[in-house]
Amino acid sequence: MNKDNSTNKIDIVKLLLWLSVFLIAIFSLSALLIIPSVNKLKIANEVLSSSNSKLSQNKGKLDNIDRQLNEYLAENKTNLDKIHNDFDIEKFKNHCKTFFDDVKLDKNVDFNEEYVSYQLFVSTKITSPAIFYNFIDSLENYPNILRVHFPIILKSEKDLIKAQFNLQVYKR
């Protein structure tokens, strides 16, 4: 058989030189591709850390606002329930008659969407205005949100005290 002598013709120095040129070219091309990606990765990490910082700040603010909202809802649960109740004029007149003898309720022409305004005329036989103040205190337990507006006019006629005031009924 023939003996292969092709390995004798290989020049090791040339082979190492070409191998080193090839490896330098591969590493150079790899470095040219990796370096821009590393810079983009650094920028992306900075943006991510900044976004995470802002997210944690906003989460803290949101938690604070959520806590305040829950406190507000807990404190004002009765008023929030009252604002959804329909206002029944006859029921309110009956409530007023527990304090006053003669009650007249007129709806004012000028009202907006947040509330309806009523003019309440009351005449009763009382010896002191304390009954009027008891009536105002009773409005807090009424199933609607009511607000008495000034001027409150109290007139005395013989044994009768007549009262006139504006009342606003808040509705939703």
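Student: Is Ile12 buried or exposed in this structure, and how is such a label read?

Tutor: The label rests on relative accessible area: buried is under 20%, exposed is over 50%, and partly exposed lies in between (1.4 Å probe, protein chains only). Ile12 is exposed, at a relative accessible area of 53%. The model is predicted, so local features need pLDDT of at least 70 and side-chain atom pairs count only at pLDDT 80 or more, while totals for chains, interfaces and linings use all residues. Residues are numbered from 1 along each chain as its sequence is written, and side-chain values use heavy atoms, with hydrogens and water left out.

Student: Which helix holds Ile12?

Tutor: Helices (H or I, at least four residues) and strands (E, at least two) are DSSP runs, numbered from the N terminus. Ile12 belongs to helix H1, residues 12-75. The chain has four helices and four strands in total, in the order α-α-α-β-β-α-β-β from the N terminus on. Of its 172 residues, 19% are buried.

Student: Which residues form the nonpolar patch on the surface?

Tutor: A patch joins residues with over 30% relative accessible area and no salt bridge; the limit is 5 Å for nonpolar side chains (Val, Leu, Ile, Met, Phe, Trp, Tyr) and 9 Å for like charges. Here the nonpolar patch consists of Ile10, Ile12, Leu15, Leu16, Leu19, Phe22, Leu23, Ile26 and Phe27. Together they have about 900 Å² of accessible area, by the Shrake-Rupley method with a 1.4 Å probe, where for residues only the protein chains shown count as cover.

Student: How many salt bridges does the structure hold?

Tutor: A salt bridge requires a side-chain nitrogen of Lys or Arg within 4 Å of a carboxyl oxygen of Asp or Glu. The structure holds two. In one, Asp63 and Lys59 have their closest N and O atoms 3.7 Å apart; the two residues are four apart in helix H1, and so are separated by about one helical turn. In the other, Glu71 meets Arg67 at 3.1 Å, N to O, again four residues apart in H1 and about one helical turn from each other. Asp63 is partly exposed at 42%, as are Glu71 at 38% and Arg67 at 42%.

Student: Which residues have the most contacts inside the largest nonpolar core?

Tutor: A nonpolar core is a set of buried Ala, Val, Leu, Ile, Met, Phe, Trp, Tyr and Cys residues joined through side-chain atoms within 4.5 Å. The largest has 15 residues, and Phe92, Phe135, Leu139 and Leu146 have the most contacts inside it. Two or more residues each come from H3 (89-97), S1 (102-107), H4 (130-138), S3 (145-157) and S4 (160-170). S4 contributes the most, with four.

Student: How many aromatic pairs are there?

Tutor: Rings of Phe, Tyr and Trp (its six-membered ring) pair if their centres lie within 6.5 Å; planes under 30 degrees apart are stacked, over 60 edge-to-face, and the rest tilted. The whole structure gives two pairs. One of them is Phe92 with Tyr142, edge-to-face at 5.4 Å centre to centre and 80° between the planes. This pair links distant parts of the chain, 50 residues apart: Phe92 is in H3, and Tyr142 is in the loop between H4 and S3. Phe92 is buried at 0%, and Tyr142 is buried at 4%. Phe92, Phe135 and Tyr142 form one aromatic cluster.

Student: Which residues of H4 are buried?

Tutor: Phe132, Phe135 and Ser138 are buried in H4. They lie on the same side of H4 because their arc around the axis is only 115°, taken from the directions from the helix axis to the C-beta atoms.
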